[in-house]
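Colleague: I would like to learn how to read a few features of a model. Please take them one at a time.

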Amino acid sequence: MRILKFFIIYIFLSTNLFSQSVSDKAMAWINSNLIDEHANCYVFYKISEEGLNRDITKPKVNYANITDSLINKMFILGKQSSIKQETILAKIELSMKDLKNQIDGDFKNYSIILNKYGQFCKDLAERPEYRMKYWADRAIKEK
């Protein structure tokens, strides 16, 4: 359902009505920023899952639905803006290096990225249309 909602909003924003106020170049900029955010959240959930599942005394967490949804959205946004899949994968790799660097490669420092990305990524996964609107509004303001 969330993916359907995302597609409907995306289609609405990319229609002629929206295109009148935002150029193709601006749409590519919007999508690139959304891909960056999705990449950060994809990596956040991957690190979270790996680290939280190290504790054998607690039930396993599985963020596969969220990470699959995030990566699918990245590839759809990339396709819409002619961004190569290799570029998207490179963004994910850079995000992985960045987030692991933020915690010094040690899950004991996980609270650093939890504080920075936890709520943001939850909101992005549940309501991606808000970020789409945010970037669209910025594109219009910076026009």
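Colleague: Leaving aside neighbours within four places in sequence, which residues is asparagine 53 in contact with?

Modeller: Contact means heavy atoms within 4.5 Å. By that criterion asparagine 53 touches Pro59, Lys60 and Val61. Asparagine 53 sits in the loop between H3 and H4; helices are DSSP runs of H or I with at least four residues, numbered from the N terminus. This is a predicted model, where local features need pLDDT of at least 70, side-chain atom pairs count only at pLDDT 80 or more, and totals for chains, interfaces and linings use all residues. Residues are numbered from 1 along each chain as its sequence is written, and side-chain values use heavy atoms, with hydrogens and water left out.

Colleague: Is asparagine 53 buried or exposed?

Modeller: Buried means under 20% relative accessible area, exposed over 50%, and partly exposed in between, with a 1.4 Å probe and protein chains only. Asparagine 53 has 18% relative accessibility, so it counts as buried. Alanine 28, in helix H3, is partly exposed at 28%.

Colleague: Which residues touch the most other members of the largest nonpolar core?

Modeller: In soluble globular proteins, nonpolar side chains tend to be buried together. A nonpolar core is a set of buried Ala, Val, Leu, Ile, Met, Phe, Trp, Tyr and Cys residues joined through side-chain atoms within 4.5 Å. Here the largest one has 33 residues, and Ile30, Phe44, Met74, Ile92 and Ile113 touch the most other members. H3 contributes the most to this core, with 12 residues. Not counting residues up to four places away in sequence, methionine 74 touches Ile35, His38, Ala39, Tyr42, Ile88 and Ile92.

Colleague: At what angle do H5 and H6 pack?

Modeller: Two packed helices are described by the angle between their axes and the distance between the axes. For H5 and H6 the angle is about 125° and the axes are 8 Å apart. That makes H5 oblique to H6; under 35 degrees is roughly parallel, over 145 roughly antiparallel, 65 to 115 roughly perpendicular, and the rest oblique. Asp98, Leu99 and Gln102 in H5 meet Ile112, Ile113, Lys116 and Tyr117 in H6.

Colleague: How many aromatic pairs are found in the whole structure?

Modeller: Rings of Phe, Tyr and Trp (its six-membered ring) pair if their centres lie within 6.5 Å; planes under 30 degrees apart count as stacked, over 60 as edge-to-face, and the rest as tilted. The search finds seven pairs. The rings of phenylalanine 107 and tyrosine 110 are stacked, with centres 4.5 Å apart and planes at 25°. Both residues are buried.

Note on methods. Helices (H or I, at least four residues) and strands (E, at least two) are DSSP runs, numbered from the N terminus. Axes are lines fitted to C-alpha atoms, for helices over the stretch in contact, and angles run from 0 to 180 degrees between N-to-C directions.
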